[in-house]
Amino acid sequence: MDRVIRIGMLGCGTVGSGVVRILDQDAADIEVRTGARLVITRVGVRDTAKDRGLPLAPEIFTSDLASVVEADDVDVVVEVMGGRDQASKLIHRALELGKPVVTANKELVAHEGPELFDAAAEAGVDLHYEAAVAGAIPIIKPLKESLAGDRVHRVVGILNGTTNYILTKMTEEGAAYDDVLAEAQRLGYAEADPTADVGGHDAASKTAILASLAFDTRVVADDVHREGIENVTATDIKVADRLGYVIKLLGIASEQDDAVAVRVHPTFLPKTHPLASVRESFNAIYVEADAAGELMFYGRGAGSLPTGSAVVGDIIDAVRNLLQESRGPVESAHRAKRIRPIEELSTQYYLLLDVEDRPGQLAIVAQTFGRNEVSIAQVWQEGSGDSAQLVLITHRANERALQTTVRDLEQTDGVRAVSSVLRVESEVFSQ
Ligand SMILES: NC(=O)c1ccc[n+]([C@@H]2O[C@H](COP(=O)([O-])OP(=O)(O)OC[C@H]3O[C@@H](n4cnc5c(N)ncnc54)[C@H](OP(=O)(O)O)[C@@H]3O)[C@@H](O)[C@H]2O)c1
């Protein structure tokens, strides 16, 4: 085979080094599968002197990222550097030059996807981003291509390994959030600054990307209602367990009538739901489609080789298209759906109240719910004396009504605090 496709990499850290290793180890198979030999000709990094232990010649490293994109000996650009502005400029330039781009950058795709897809369409070249959502798990292609003949109505995902690890440890060991987070940081499962993960930002980016693909519309990260896991307590987990639920940080994208609802929040999920068994740092995406029914995609959502696998799959796609002088499917956003604000949604809720332990307290609390037309499905009291707590599960209620109820409860006689409010998603999944 005499065809050679030359690859320029922007970044060679966790994901980039996985890409290099896979391209090296599987070179012979990849050559047969694509019909070309893939050669990494340039690698842009910050520190060109760092020994990365990779099968790459030192002279191909450069700190001049633009030179990688511009180089005549680069046919395909692989962006695995992360960040927004610089990565965005480099990708736009690569597309302008007619070079297919593969990226793992969820933050960028979730915030600037529409502009990037327009640029790719205008240039008539591929922009692939399978690794941007759930690492190794194939989900972009299934939504974009395999399910193109179906109508997806809901996508629910455990999309962040760090938070799933923390919630799993809290559930299985009864540990407190702060202790598990500290342990996760010590073991390298959580970043020194864990905000992007525990605050739900990372999951929100991925949910936006999935929603866009599932519903043929444009959803960006800022459209996603987002709540993190920072306030989930050991008591919440214990209550959930007793009621037959686990608490998971879910990204939920659903379509109803004229609108799309997109949210990320910790959720009471029935233990019987397939996503409830997704433990530790694994990711999974549960897709409900009209004809296909229920589908679940499960695997490693991060890591050098798992994410590298998704990037290399995209590189192979890009190379095949390049060799055939064709391109993959373009963005499909023809349905242009409205984003439904969270206030319009209805779910069940779990509330934990610190109350004074005195006769008639429950009736006073029940009146506050009744006044706001939120009906209570289950209620009981935990403890007595100074540390009395009321646990309540509501029937399906409107978010706005629930928020008003919470504000009213905070002013209600004998209620010391509304300690927890979490959504319960049992009905949604059984519909
Ligand atoms: N890590 C995962 O498991 C995972 C999973 C899915 C998606 N992703 C996405 O993949 C991308 C890369 O993540 P990563 O974990 O591989 O990051 P990383 O380990 O921090 O690697 C980033 C690489 O980019 C280079 N780089 C960054 N900014 C640069 C700049 N301004 N100039 C020159 N070089 C620069 C770094 O150079 P030096 O090596 O010299 O510092 C490094 O090689 C991100 O978009 C991330 O969200 C990561």
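Visitor: Which residue stands opposite Lys248 in S10?
Guide: Thr267 in S10 stands opposite Lys248. This is a predicted model: local features need pLDDT of at least 70, side-chain atom pairs count only at pLDDT 80 or more, and totals for chains, interfaces and linings use all residues. Residues are numbered from 1 along each chain as its sequence is written, and side-chain values use heavy atoms, with hydrogens and water left out.

Visitor: How many bridges join S9 to S10?
Guide: 12 bridges join S9 to S10 (residues 259-270), and the strands run antiparallel. Two strands pair if DSSP finds at least two bridges between them. Strands are DSSP runs of E, at least two residues, numbered from the N terminus.

Visitor: What does Asp257 do in that hairpin?
Guide: Asp257 takes a positive phi near 50°. The hairpin of S9 and S10 has 2 residues between the strands.

Visitor: Is S9 buried or exposed?
Guide: 11 of the 12 residues of S9 are buried, so S9 is largely enclosed by the rest of the structure. Buried means under 20% relative accessible area, exposed over 50%, partly exposed in between (1.4 Å probe, protein chains only).

Visitor: Which strand pairs with S9 over 4 bridges?
Guide: S7 does, in the antiparallel sense; S9 spans residues 245-256. Val155 stands opposite Ala253 in S9, and Val156 stands opposite Ile252.

Visitor: And what about burial in S7?
Guide: 6 of the 7 residues of S7 (residues 152-158) are buried, so S7 is largely enclosed by the rest of the structure. S7 is also joined to S11 (residues 282-289) by 6 bridges, running antiparallel. There, Arg154 stands opposite Glu288.

Visitor: Switching to aromatics. How many pairs?
Guide: The count comes to 5 aromatic pairs. Rings of Phe, Tyr and Trp (its six-membered ring) pair if their centres lie within 6.5 Å; planes under 30 degrees apart count as stacked, over 60 as edge-to-face and the rest as tilted. Phe282 and Tyr298 have ring centres 5.0 Å apart and planes at 10°, so this pair is stacked.

Visitor: Where do Phe282 and Tyr298 sit in the chain?
Guide: Phe282 is in S11 and Tyr298 in S12 (residues 293-300). They are 16 residues apart, and the pair links distant parts of the chain. Phe282 counts as partly exposed at 21% relative accessibility. Tyr298 is partly exposed too, at 47%.

Visitor: Which residues form an aromatic cluster?
Guide: Tyr245, Phe268 and Tyr350 form one.

Visitor: Now the ligand. How many residues surround it?
Guide: 22 residues do, and the closest are Cys12, Val15, Asp47, Arg52 and Gly303. The shell divides into 9 nonpolar, 8 polar and 5 charged residues. Here Ala, Val, Leu, Ile, Met, Phe, Trp, Tyr, Cys and Pro count as nonpolar, Asp, Glu, Lys and Arg as charged, and the others, Gly among them, as polar.

Visitor: How much of the ligand does the protein cover?
Guide: 78% of the 890 Å² of accessible area that the ligand has on its own. Accessible areas come from the Shrake-Rupley method with a 1.4 Å probe; for residues, only the protein chains shown count as cover.

Technical notes: A residue is near a molecule or strand if one of its heavy atoms lies within 4 Å of it.
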